[in-house]
Amino acid sequence: MPFREINSKMVEATVAPGQTLFSQRGAMLAYRGEVSFTPNIQGGQGGFVSMIGRRVAGEATPLMTVEGSGTVMFGHGGHHIQVINLSGDTLYVEADRLLAFDGSLQQGTMFMGSQGGVMGMVRGQVTGQGLFTTTLKGHGAVAVMAHGGVIELPITPGRDIHVDPQAYVAHHGEVRNKLSTAVGWRDMVGRGSGEAFQLELSGSGAVYVQASEEKL
């Protein structure tokens with residue numbers, strides 16, 4: 001079910017009989033119709049394994065199952081909200097950034113070390129994802145939270161993108177990513193002390209970057 005962006009900090013979703021939506025606890029702002037909100041102890045479609053993965057990662061973000069017939073408005077903490085529409089690919093995002101998502105999406109947990117070994121685990125710490133990150137796969141919509149607005153940067157073969165790890169929000173597609181040390185852009189333009197790390201993404205897909213280095 002698609003999300004309608006009311007403004008930069010609020011979205012609205014239509015809930016229909018037979019369809020399920022998952023949202024972060026405390027994200028519901030208002031609703032119309034006959035809609036129920038039930039705590040989800042299994043961690044969404046990922047079930048028990050997904051829930052355990054998030055607890056090991058320190059990402060025990062409680063989810064609510066949203067069902068019924070009506071419309072629901074979501075927002076949380078005044079954060080900027082970015083709607084991401086998936087067309088069969090996989091979204092990688094930390095659990096704390098998830099505001100709401102289609103119940104039809106398959107939820108999982110990925111160990112950061114499986115993408116880059118020790119450097120993958122280091123990358124998880126630098127980007128704020130921890131040792132594990134949440135995956136959502138399939139066809140549907142996801143609303144994620146960020147600070148100061150978000151820009152979607154396409155990733156195409158032969159045109160790698162370098163991102164400040166603290167500004168990284170999420171990515172999807174067939175994307176390879178690695179952490180590298182480098183002299184920061186700020187040193188080159190005289191704007192500060194520079195960055196210790198850069199996140200390099202290559203392949204085919206998109207990365208979402210927020211306008212602030214502040215974490216949720």
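A residue is called buried when its relative accessible area is under 20%, exposed when it is over 50%, and partly exposed in between, with a 1.4 Å probe and protein chains only. By that definition E12 is buried, because its relative accessible area is 12%. The residue belongs to a predicted model, in which local features need pLDDT of at least 70 and side-chain atom pairs count only at pLDDT 80 or more, while totals for chains, interfaces and linings use all residues. Residues are numbered from 1 along each chain as its sequence is written, and side-chain values use heavy atoms, with hydrogens and water left out.

The chain has 216 residues, of which 51% count as buried. Its accessible surface comes to about 9900 Å², and carbon and sulfur atoms account for 54% of that area; such areas come from the Shrake-Rupley method with a 1.4 Å probe, and for residues only the protein chains shown count as cover. Contact here means heavy atoms within 4.5 Å. Where contacts join residues at least 6 apart in sequence, 79% of them link residues at least 24 apart.

E12 lies in strand β2. When neighbours within four places in sequence are left aside, E12 is in contact with P2, F3, R4, I6, R32, T71, V72 and M73. Two of these relations are salt bridges, a term that requires a side-chain nitrogen of Lys or Arg within 4 Å of a carboxyl oxygen of Asp or Glu. E12 bridges to R4 with the closest N and O atoms 3.1 Å apart, and to R32 with the closest N and O atoms 3.4 Å apart.

R4 is partly exposed because its relative accessible area is 47%, whereas R32 counts as exposed because its value is 52%. Through shared partners, salt bridges join R4, E12 and R32 into one network.

A search of the whole structure finds 3 salt bridges. One of them links E94 with R97, the closest N and O atoms being 3.3 Å apart. Both E94 and R97 are buried.

Strand β3 (residues 21–24) directs L21 and S23 one way and F22 and Q24 the other way, and all are buried. Two strands are said to pair if DSSP finds at least two bridges between them. β3 runs antiparallel to strand β5 (residues 63–74), to which 4 bridges join it, and V66 is the bridge partner of L21 in β5. β3 also pairs in the antiparallel sense with strand β7 (residues 98–102) over 3 bridges, where the partner of L21 is D102.

Q106 is found in strand β8 (residues 106–111). This residue is classed as exposed because its relative accessible area is 52%. The C-alpha atoms of Q106 and G140 are separated by 9.9 Å, and the two residues are 34 residues apart along the chain.

Notes
Helix = DSSP H or I, 4+ residues; strand = E, 2+ residues; numbered from the N terminus.
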